[in-house]
Amino acid sequence: MISSNEKFPQLVVFAHWITLLFVLVAYFTSQSPIEDRWLGQTHVIAGSLVFIFFFIRIFLYMRFKAHFPEVLFKSEIQKKAFQLMKLCLYICLFAVPLLGWLTLASTESSFSILGVELPEVLFSSNADLVD
């Protein structure tokens, strides 16, 4: 448990809440980026920002780890569960936006964000899968 007088560095707290905001925006605009251009643009931008903030959060973690308040766990199982959950969350912050971009690239020949084309991902066709 963290005592009330210990606090995380302000940049870490800001990165945490701004990441949550981008995740929520991406979630609530996720119906179909292709059908509604405005929602699609918003969704892709939010997903891209989640991906970018993944790297910012990793940098901030490494930079400010010594300034983090000490967390006292009640048991070793609680500590391991915390570490596993944190690892899973960071994997999702990396993988979900990347998979979203790959899915978009596989279904659309081109997609632009505010007039800038997203890089294309070339998928080779598999003749064995065609009926």
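What pattern does the protein chain follow, read along the sequence? It goes α-α-α-β-β, with 3 helices and 2 strands in total. Helices here are DSSP runs of H or I with at least four residues, strands are runs of E with at least two, and both are numbered from the N terminus.

A quick word on the ground rules. This is a predicted model, where local features need pLDDT of at least 70, side-chain atom pairs count only at pLDDT 80 or more, and totals for chains, interfaces and linings use all residues. Residues are numbered from 1 along each chain as its sequence is written, and side-chain values use heavy atoms, with hydrogens and water left out.

Now the overall picture. Of the 131 residues in the protein chain, 25% are buried; buried means under 20% relative accessible area, exposed means over 50%, and partly exposed is in between (1.4 Å probe, protein chains only). Taking contacts as heavy atoms within 4.5 Å, residues 24 or more positions apart account for 68% of the contacts with a separation of 6 or more. The chain exposes about 10,000 Å², and carbon and sulfur atoms supply 69% of that, with areas computed by the Shrake-Rupley method using a 1.4 Å probe.

Let's start in helix α1, residues 10–28, where tryptophan 17 lies. Tryptophan 17 counts as exposed because its relative accessible area is 51%. Together with Leu20, Leu24, Tyr27 and Phe28, Trp17 makes a nonpolar surface patch of about 580 Å².

Arginine 57, in helix α2 (residues 37–64), tells another story: its relative accessibility is 16%, so it counts as buried. Setting aside neighbours within four places in sequence, arginine 57 is in contact with Ala15, His16, Thr19, Tyr90 and Leu93.

Helix α3 covers residues 76–107, and threonine 103 sits in it. A polar atom of the threonine 103 side chain lies 2.8 Å from the backbone oxygen of leucine 99, while threonine 103 itself is partly exposed at 47% relative accessible area.

What about cysteines? A search of the whole structure finds 0 disulfides, a disulfide being a pair of cysteine sulfur atoms within 2.5 Å. The sulfur of cysteine 88 has its closest cysteine sulfur in cysteine 92, 6.8 Å away, so the pair is too far apart for a bond. Cysteine 88 is partly exposed at 35% relative accessibility, and cysteine 92 is partly exposed too, at 43%.

How values were computed
Patches are made of residues with over 30% relative accessible area and no salt bridge: like charges are joined within 9 Å, nonpolar side chains (Val, Leu, Ile, Met, Phe, Trp, Tyr) within 5 Å. A salt bridge is a side-chain nitrogen of Lys or Arg within 4 Å of a carboxyl oxygen of Asp or Glu. A polar contact is a pair of N or O atoms within 3.5 Å; within protein, one must be able to donate a hydrogen and the other to accept it, and residues adjacent in sequence count only if both atoms are side-chain atoms.
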